[in-house]
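Here is a short note for a colleague who is new to this structure. Please read the points with the model open beside them.

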Amino acid sequence: MPSLDYTTKMTTARDRVWLFVKDMNNWAPLVKGYQNHELITERESIWTVKGELGPINRTTKLHITITERVDGERVAFAVKGLNEPVTGEGAISLRDDGTGTEINGKGYIQFGGAMGPMVNRLLTPFVKSI
């Protein structure tokens, strides 16, 4: 299953980084292939993402649900495809590192259906490039 685990550091206080992370309107446009998103509630949104995976070029609508929010520390979310058999989940976590804030993003996404195994193999390098 295609997964992502990325860590970076910022010389910015965690409370300032959290102001950005807590609002999905800020980080949705950072996703590779992002086209747009629409908020349904504070915890739910529909994202449109366009992906080019070798010979496959698809525009996918994803239902994103915030499943956990720990102020100043973590936001977790679930992903479900609306027009494709896609599932996934992820989280963005923050912690003080002495000189600023360490940001860790983890997640996975998986395509199902008859084409799922092939798409997942093609998706792995795509996800890692995010």
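1. **Basis.** This is a predicted model; local features need pLDDT of at least 70, side-chain atom pairs count only at pLDDT 80 or more, and totals for chains, interfaces and linings use all residues. Residues are numbered from 1 along each chain as its sequence is written, and side-chain values use heavy atoms, with hydrogens and water left out.

2. **Layout.** The chain has three helices and seven strands. Their order from the N terminus is β-α-α-β-β-β-β-β-β-α. Helices (H or I, at least four residues) and strands (E, at least two) are DSSP runs, numbered from the N terminus.

3. **Burial and surface.** Of the 130 residues in the chain, 37% are buried. Buried means under 20% relative accessible area, exposed over 50%, and partly exposed in between (1.4 Å probe, protein chains only). The chain exposes about 7700 Å², and carbon and sulfur atoms supply 53% of that area. Areas come from the Shrake-Rupley method with a 1.4 Å probe; for residues, only the protein chains shown count as cover.

4. **Aromatic pairs.** How many aromatic pairs does a search of the whole structure find? It finds two. The ring centres of tryptophan 27 and tryptophan 47 are 5.8 Å apart and the planes meet at 70°, so this pair is edge-to-face. Tryptophan 27 sits in helix H2 (residues 24–27) and tryptophan 47 in strand E3 (residues 44–53), 20 residues apart. Tryptophan 27 also pairs with phenylalanine 77, tilted, at 5.5 Å centre to centre and 40° between the planes. Phenylalanine 77 belongs to strand E5 (residues 74–81), 50 residues from tryptophan 27. Rings of Phe, Tyr and Trp (its six-membered ring) pair if their centres lie within 6.5 Å; planes under 30 degrees apart count as stacked, over 60 as edge-to-face and the rest as tilted.

5. **One cluster.** Trp27, Trp47 and Phe77 form one aromatic cluster. Tryptophan 27 and tryptophan 47 are both buried. Tryptophan 27 has 9% relative accessibility. Phenylalanine 77 is buried too, at 16%.

6. **Serine 45.** This residue lies in strand E3. Is serine 45 buried or exposed? Its relative accessibility is 0%, so it counts as buried. Its side chain makes a polar contact of 2.7 Å with that of tryptophan 47. A polar contact is a pair of N or O atoms within 3.5 Å; within protein, one must be able to donate a hydrogen and the other to accept it, and residues adjacent in sequence count only if both atoms are side-chain atoms.
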